[in-house]
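Biologist: I am new to this one. Show it to me, and let me ask what stands behind each label.

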Amino acid sequence: MKKYNFNAGPSILPQEVIRQTAEAVLDFQGEGLSLLEISHRAKYFQPVVDEAVALMKEVFHIPEGYSVIFLGGGASLQFCMVPFNLMERKSAYLNTGVWAKKALKEAKGFGEAVEVATSAEANFTFIPTDYEIPQDADYFHITTNNTIYGTEISDDKLKDIYAKKGKVTLVADMSSDVLSRPIDISQYGLIYGGAQKNLAPAGVTFVIVRDDILGHVTRHIPTMLDYRTHIEGGSMFNTPPVLPLYSAMLTLRWLKQNGGVEGAEKRNIEKARVLYDCIDKSKIFVGTAKEEDRSRMNVCFVLKPEYQELQDDFMKFATERGMVGIKGHRSVGGFRASLYNAMTIEGVKALVECIGDYEKKL
Ligand SMILES: *Cc1c(COP(=O)(O)O)cnc(C)c1O
């Protein structure tokens, strides 16, 4: 039976990326060696890193003056690397969910980390807009897509943030919506994310950083935690995670061949529209996020109170129809369908049909 992968992360990747990665594991570019056993130095791997960096810059329209690096440690290591490298005394955070809160918690270990606003009291169902950004903060941190709660900072709300940040450096965790839409990179000092949502298998983290924001804190930064180490080392200061990095390069090639972030955005808008339409018309389901803040990447929905007892039954029905990974995160409950770049409109339509057929048989 065909399976449709709606996992939140690690998550779906383009079929050809999986196939080409598997081929490279068996025989790396006809060398008679596996990707798993070649040196990351010398002629073999450097071109892969160079191509990944070049494609990231090209596809995501990263201007001059920025570096792209690939690291280990996940987005979670960035929660502390960001304040370590950028926070002298004060930082500010928009708390829109579990990941934002974890990032904020780390920053508190480095000085005054201000929570400018939160939607915690509404179980993070919306993106707050009513706040000021303290102009004496070393940076302002946002999470552009809240993977667990299914909210995303819309283009309009991002523009509001650009307007109100003043001279404060903007930092974003884009783990779960990177490359899903065009972004005005010039507005950001630093963008990071775990690659396992929209780019690669788990194990590699991307960082896009404007070079001139580094080198201004007075504390000692351990070599491995200093962004400059990895910029100077071309992501090869130490052994990089070669397999996920190879896949990331392949995903970027795939994205470029498929209309870049502009093409991805068009498909993502359409996929999200089809699924939200179905949920909005459903007699048993309801979406959890406020409409204007709905994520295109993670669609969260729950059973209406009078249908709560159908939770396990629908889960079983959907699983039998090949739907994988649609169980909601425990902090929201219900269901979550993740529609990352590699999810096809056919996959979304299969889920919509599954929901429709379930309702028909009630
Ligand atoms: C998944 C996720 C993280 C955590 O990433 P790790 O690579 O597992 O540390 C952080 N932020 C967001 C928005 C995420 O979706």
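Modeller: Domain bounds here come from an automatic or database domain assignment. The chain is divided into domain 1 (15–257) and domain 2 (260–360). This is a predicted model: local features need pLDDT of at least 70, side-chain atom pairs count only at pLDDT 80 or more, and totals for chains, interfaces and linings use all residues. Residues are numbered from 1 along each chain as its sequence is written, and side-chain values use heavy atoms, with hydrogens and water left out.

Biologist: How do you know that domain 1 and domain 2 are in contact?

Modeller: Contact means heavy atoms within 4.5 Å. By that rule, 29 residues of domain 1 are in contact with 26 residues of domain 2. The domain centres, taken over C-alpha atoms, are 27 Å apart.

Biologist: What area do the two domains bury between them?

Modeller: Buried area is the accessible area (1.4 Å probe) that two parts lose on being put together, summed over both. For domain 1 and domain 2 that comes to about 2200 Å², with 50% of it on carbon and sulfur atoms. I148, G150 and E152 supply 21% of the area that domain 1 buries against domain 2, more than any other three residues.

Biologist: Why is E152 called buried?

Modeller: Buried means under 20% relative accessible area, exposed over 50%, and partly exposed in between (1.4 Å probe, protein chains only). E152 has 5% relative accessibility, so E152 counts as buried.

Biologist: Where is E152 found, and what does its side chain reach?

Modeller: E152 is in strand 7 (residues 151–152). Strands (E, at least two residues) and helices (H or I, at least four) are DSSP runs, numbered from the N terminus. The side chain of E152 reaches the backbone nitrogen of R296 at 2.9 Å. Beyond its neighbours within four places in sequence, E152 is in contact with residues including D293, R294, S295 and R296.

Biologist: How many residue pairs are in polar contact between the domains?

Modeller: A polar contact is a pair of N or O atoms within 3.5 Å; within protein, one must be able to donate a hydrogen and the other to accept it, and residues adjacent in sequence count only if both atoms are side-chain atoms. Between domain 1 and domain 2 there are 16 such residue pairs, both residues at pLDDT 80 or more. Strand 7, helix 5 (155–164) and helix 7 (242–257) each supply at least two residues of the side of domain 1 that touches domain 2. Helix 7 gives the largest share, three residues.

Biologist: What makes K157 and D293 a salt bridge?

Modeller: A salt bridge is a side-chain nitrogen of Lys or Arg within 4 Å of a carboxyl oxygen of Asp or Glu. The closest N and O atoms of K157 and D293 are 2.8 Å apart, so the pair meets the rule. K157 lies in helix 5 and D293 in the loop between strand 11 (285–287) and strand 12 (298–303), so the pair ties together parts 136 residues apart in sequence. Both K157 and D293 are buried.

Biologist: How many salt bridges does the rule find across the interface of domain 1 and domain 2?

Modeller: Two. A search of the whole structure finds 22.

Biologist: Why is R296 called partly exposed, and what is its salt-bridge partner?

Modeller: R296 has a relative accessible area of 23%, so R296 is partly exposed. R296 forms a salt bridge with E265, the closest N and O atoms being 3.6 Å apart. E265 lies in helix 8 (residues 260–281). At 17% relative accessible area, E265 is buried.
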